[in-house]
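Let's take a walk through this fold, strand by strand, and then look at how its charged side chains pair up. Keep the viewer open as you read.

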Amino acid sequence: MQIVPKVLTSSALLLLCATSAQAQLRPESVPGGVAEILVAAGAAPRPEVRFGGRPVLLQQRRDGWHAIVGLPLDTPVGEQKLDIGPADASHSLPFQVAAKDYPTQKLKIANPKMVTPDPDDLARINAERERQIAIRSRFRDVPVARTDLALPADGRLSSRFGLRRVFNGEPRAPHTGLDVAVPTGTPIRAPADGVVSLVDEFYFNGKTVFVDHGQGFVSMLCHLDQATVEAGQPVRRGEVLGQSGHSGRATGPHLHWSVYLNGAAVDPALFIGPPRGR
């Protein structure tokens, strides 16, 4: 049976949700978003699917196998493709990526070293970046029953994903997470079941916990005051991981939450239901 490429939109998924008691991901095929694509018939064996050379999350549903694909912020607009099948005998499945504009946010940082680090700090930052890339790029091949996530802290959504950041007048990398405005000491909870893959203190991110939800689906929770879990520990949805703070590069107490799919930072708001807060 030939599968026709099918990218599910938010409206289509809302229709599906009407028949389900469980919330679902709201896909948005844009840079920094998530594409959901039907890739194989329901009765077919689980396919091999890659995007940009990386394996992607797959879920089997009544109508077939769905690929849940993270799209990096620098993904070109227009036609992209999935590679289906073994690397030596794969075929391409095209899908479309639409444009999305993200606004600019200007922030004042009191510590200038958090904007322009010293050479010694840069060496630390580069080493930490490599460690974090390795952790968020792992593919733990386990079933992922749910792609909806729980907001890790009960608070107002402040800085949104994708903002073009300007610190003290200096342009910097876009905001690759969602900030939740909460006071120091607020419980930070696991967005979904998973395994804690790393707990550490980083230059920019401060005290950080990574939770691996399976198949390249990863949460990163930053600027914590303390963590109460350790690497290798299984956690359940809603379990406390630590308390919020303002460690690392932060203008005040808050939670920074990033979500990764196939190594790409994607908008966490797509996983938690309709947007709320500003």
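Strands here are DSSP runs of E with at least two residues, helices are runs of H or I with at least four, and both are numbered from the N terminus.

A word on where this comes from: it is a predicted model, in which local features need pLDDT of at least 70 and side-chain atom pairs count only at pLDDT 80 or more, while totals for chains, interfaces and linings use all residues. Residues are numbered from 1 along each chain as its sequence is written, and side-chain values use heavy atoms, with hydrogens and water left out.

Now, what pairs with β20? Two strands pair if DSSP finds at least two bridges between them. Strand β17 (residues 217-227) runs antiparallel to β20 and is joined to it by six bridges, with C222 opposite H256. Strand β13 (residues 178-181) is antiparallel to β20 too, through three bridges, and V180 has L255 as its bridge partner. Strand β21 (residues 264-266) also pairs with β20 in the antiparallel sense, over three bridges, and there L261 partners A264. The β20-β21 hairpin has two residues between its strands, and N262 takes a positive phi near 40 degrees.

Move on to strand β15 (residues 194-202). Seven bridges pair β15 with strand β16 (residues 206-214) in the antiparallel sense, L198 stands opposite F210, and a hairpin connects the two strands through three residues. β15 is also joined to strand β18 (residues 234-235), again antiparallel, by two bridges; G194 faces V235 there.

Elsewhere you'll find an open sheet of four strands, ordered β4-β3-β7-β8 with antiparallel pairing. β4 (54-55) and β8 (91-97) are the edges, each with a single partner strand, so one side of each has no neighbour in the sheet. Two bridges hold β3 (residues 49-51) against β4, and F51 stands opposite R54.

On to the charges. Side chains of opposite charge can pair when their charged atoms come close. Counting a side-chain nitrogen of Lys or Arg within 4 Å of a carboxyl oxygen of Asp or Glu as a salt bridge, a search of the whole structure turns up eleven. In one of them, R61 meets E36 with the closest N and O atoms 2.5 Å apart. That pair links distant parts of the chain, as R61 is in strand β5 (residues 57-61) and E36 is in strand β2 (residues 34-40), 25 residues apart. Is each end buried or partly exposed? R61 is partly exposed at 23% relative accessible area, whereas E36 is buried at 1%.

Another salt bridge brings D200 and R131 together at 2.6 Å, N to O. D200 belongs to β15 and R131 to helix α2 (residues 119-136), so the pair ties together parts 69 residues apart in sequence. D200 is partly exposed at 25%, and R131 is partly exposed at 38%.

How values were computed. Buried < 20%, exposed > 50% of the residue type's maximum accessible area, 1.4 Å probe, protein only.
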